[in-house]
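Let's take a walk through a protein model together. Have a look at the picture first, then read on.

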Amino acid sequence: MVELLVGVFLLFMIIGALIALETTDLLSAVISMGAVGAALSICFLLVGAPDIAITQMVVEVLSLVILIRATIRRDLTTIEGDRDFFGLMATLAMICGLLIFGFSAFLRLPPFGSPAMSQSFQAPARQYLNCGLKETGAANIVAAVILDYRGYDTLGEATVLFTSILGALAILRVYSRKKKQ
Amino acid sequence: MSLVVQTVTRWLKGFIFLYGVYVILYGHLSPGGGFAGGVIVASTFILLTLSFGRERALGKLGKLMASELDSFGALLFLLIAVLGTAIGGTFFLNFIEKNWPTGNFHLFSAGIIPLCNIAIGIKVAASLFMIFIILAVIRVQEVRGKRKLITTEKRRKER
């Protein structure tokens, strides 16, 4: 049942992404990307990842608001001009390569519902699930993993966010330093 | 924005803010955590910006204050990690007793994990609000028949 629902939502997401690519109206493209994100959030919820679902939903809403508010104005909502031939051909070749790669990778995937990291007996995932509550004291196993076992990862993510804000501030600040002098 | 949006914002902003704080504080017990809660807190200020304008939102959380909070959150997170080295000899060691002062499944438990969640929440909220402010400053406008990227401060001056 869950797999069927996830399949339906995946189909919906593919259709939404295609509409976002093909439409000439920027506002419709942004809104269909938002629909794709909402469907992805429901998919996460269906396969049992409420943490990721909450984060995905919230970030999707925020990015939709930022995209609409910051990039779309009354003028400049349509895309003009044709695509050039070389770019189209390069894109098609790229997509063909990705399809072949994706299909051959798909054949080697473990079956749905039994992730590769839990197959062997000493797998880290098994250790986290069995001893997570005792070793960290956190009832939410996701928080235990990202803030205790894998603290380095979260520190790296925080650094990435900090650096990107720094770069955005440096590029988009109102007055450049030269003008001030 | 219209009167309806402004009235609804005036009623709801406190509840949305409180919900974000709840998601941050209970990140180690229920789904959520520092990142999701921080985004919800930031969305409160973005809602204020959208309905009442930039000045009202910046009056609540100024640009300087936001950048200071951003750096403070990142430094607090790093400080917790380094304290693990100082106390127990391992980076990111959970140096507080896990069941202190109350047992598992309570708000005050799980050692450093709630503290890390709070640090990340502060950092994410401040930085996402800053992203929105600096992106909303820039506008596309026609200046003498040409499309140009200009800032709102500049536009106000030209008027």
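This is a predicted model: local features need pLDDT of at least 70, side-chain atom pairs count only at pLDDT 80 or more; totals for chains, interfaces and linings use all residues.

Residues are numbered from 1 along each chain as its sequence is written, while chains are lettered from A and ligands numbered from 1 in the order in which they are written.

Start with chain B, which has six helices and two strands (DSSP runs numbered from the N terminus: H or I of at least four residues for helices, E of at least two for strands). Read from the N terminus, the order is α-α-α-α-α-β-β-α. Of the 159 residues in chain B, 38% are buried, meaning that 20 or more other C-beta atoms, placed from the backbone, lie within 10 Å of a residue's own.

Now see where the chains meet: 49 residues from chain B and 35 residues from chain A take part in the contact (C-beta atoms, placed from the backbone, within 7 Å). On the chain B side, helix 5 of chain B gives the largest share, 15 residues.

Finally, hop over to chain A. There, the axes of helix 5 (residues 124-136) and helix 6 (residues 141-149) come within 10 Å and cross at roughly 75 degrees (axes are lines fitted to C-alpha atoms over the stretch in contact, with angles from 0 to 180 degrees between N-to-C directions). So helix 5 of chain A is roughly perpendicular to helix 6 of chain A, a label for angles of 65 to 115 degrees.

Terms used:
Two residues are in contact if their C-beta atoms, placed from the backbone, lie within 7 Å. A residue is buried if 20 or more other C-beta atoms lie within 10 Å of its own, exposed if 12 or fewer, and partly exposed in between; C-beta atoms are placed from the backbone. Angles under 35 degrees count as roughly parallel, over 145 as roughly antiparallel, 65 to 115 as roughly perpendicular and the rest as oblique.
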